[in-house]
Amino acid sequence: MSRREARESAMKVLYSQEIDQSANLEQAKELFLANYPLPEEDLLFFDQLIAGVLEHRKDLDLAVAPRLSGWTIDRLPKVDLTILRIALYELIFTEYVPNNVAIAEAVRLAKTYSDDAARQYINAVLGNLNRELDELSTKQPELSAKNLLNELEQDPKS
């Protein structure tokens with residue numbers, strides 16, 4: 001297994017939580033892992049993605065929303081929104097995953113679980129966010145990940 005499988009597994013659990021927000025997260029993870037076990041070395045990444053996306057969900061959505069041309073967060077297919085959240089979380093909060101890898105993995109997930117149009121706009125939205133993050137990091141290298149996310153929320157570019 002690899003981070004790819006852990007990421008895909010995290011996406012499935014997060015998507016299930018998006019569909020049934022009343023479900024108990026720990027039970028959902030246990031049930032998922034009972035049916036689709038991950039190697040011990042992948043569990044940390046799996047847990048980190050789930051916990052991080054859920055912790056920063058509102059801020060991730062606020063950063064993505066103004067960059068969705070012709071869509072709103074509420075109308076976006078839940079699988080696409082889940083993929084965008086994971087990728088943006090990785091772009092901002094995981095230094096050990098290169099940004100181009102996070103974007104490529106999001107596009108791969110969209111290709112597998114959504115349609116061609118989703119693959120294209122997910123790639124475009126994440127590419128634009130990545131450029132904005134690079135600009136912010138260059139201008140203000142002292143910004144923490146959380147502050148970078150706040151800056152994206154405050155200054156949405158089209």
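Where is the place of L91? L91 sits in helix α4, where helices (H or I, at least four residues) are DSSP runs numbered from the N terminus, as are strands (E, at least two). Welcome to a short tour of this predicted model, in which local features need pLDDT of at least 70, side-chain atom pairs count only at pLDDT 80 or more, and totals for chains, interfaces and linings use all residues. Residues are numbered from 1 along each chain as its sequence is written, and side-chain values use heavy atoms, with hydrogens and water left out.

**L91 and its surroundings**

- L91 is buried, at a relative accessible area of 8%; buried means under 20%, exposed over 50%, and partly exposed in between (1.4 Å probe, protein chains only).
- Leaving aside residues up to four places away in sequence, L91 touches N99, A102, I103, L126, N130 and L133, where contact means heavy atoms within 4.5 Å.
- From L91 to D61, 30 residues apart along the chain, the C-alpha separation is 14 Å.

**How α4 packs on α5**

- Helix α5 covers residues 99-113, and its axis comes within 9 Å of that of α4, with a crossing of roughly 170°.
- Those axes are lines fitted to C-alpha atoms, for helices over the stretch in contact, and angles run from 0 to 180 degrees between N-to-C directions.
- α4 and α5 are therefore roughly antiparallel to each other; angles over 145 degrees count that way, under 35 as roughly parallel, 65 to 115 as roughly perpendicular, and the rest as oblique.
- On the α4 side, V79, I83, A87, E90 and L91 take part, and they meet N99, A102, I103, A106, L109, A110 and Y113 of α5.
- Sorted by class, this α4 and α5 contact has 10 nonpolar, 1 polar and 1 charged residues. Ala, Val, Leu, Ile, Met, Phe, Trp, Tyr, Cys and Pro count as nonpolar, Asp, Glu, Lys and Arg as charged, and the others, Gly among them, as polar.

**How α1 packs on α3**

- The axes of α1 and α3 lie 8 Å apart, and the two helices pack at an angle of about 40°.
- α1 and α3 are therefore oblique to each other.
- Residues of α1 in this contact are R3, A6, R7, S9, A10, V13, L14 and E18, while α3 supplies D42, F45, F46, L49, I50, V53, L54 and R57.
- By class, 10 nonpolar, 1 polar and 5 charged residues make up the contact of α1 with α3.

**Salt bridges**

- Across the whole structure, a search finds 14 salt bridges, each being a side-chain nitrogen of Lys or Arg within 4 Å of a carboxyl oxygen of Asp or Glu.
- E90 and R7 meet through their side chains in one of them, at 2.8 Å from N to O. E90 belongs to helix α4 (residues 78-93) and R7 to helix α1 (residues 3-19), so this pair ties together parts that are 83 residues apart in sequence.
- E90 is buried, with a relative accessible area of 0%, and R7 is buried too, at 3%.
- E18 pairs with R57 in a salt bridge whose closest N and O atoms are 3.4 Å apart. This pair links distant parts of the chain, with E18 in helix α1 and R57 in helix α3 (residues 40-64), 39 residues apart.
- E18 counts as buried at 8% relative accessibility, whereas R57 is partly exposed at 27%.
- D61 and R85 form a salt bridge at 2.7 Å, N to O, joining helix α3 to helix α4 across 24 residues. Both D61 and R85 are buried.
- A network of salt bridges links R4, R7, E8, K12, E90, E105 and R108.
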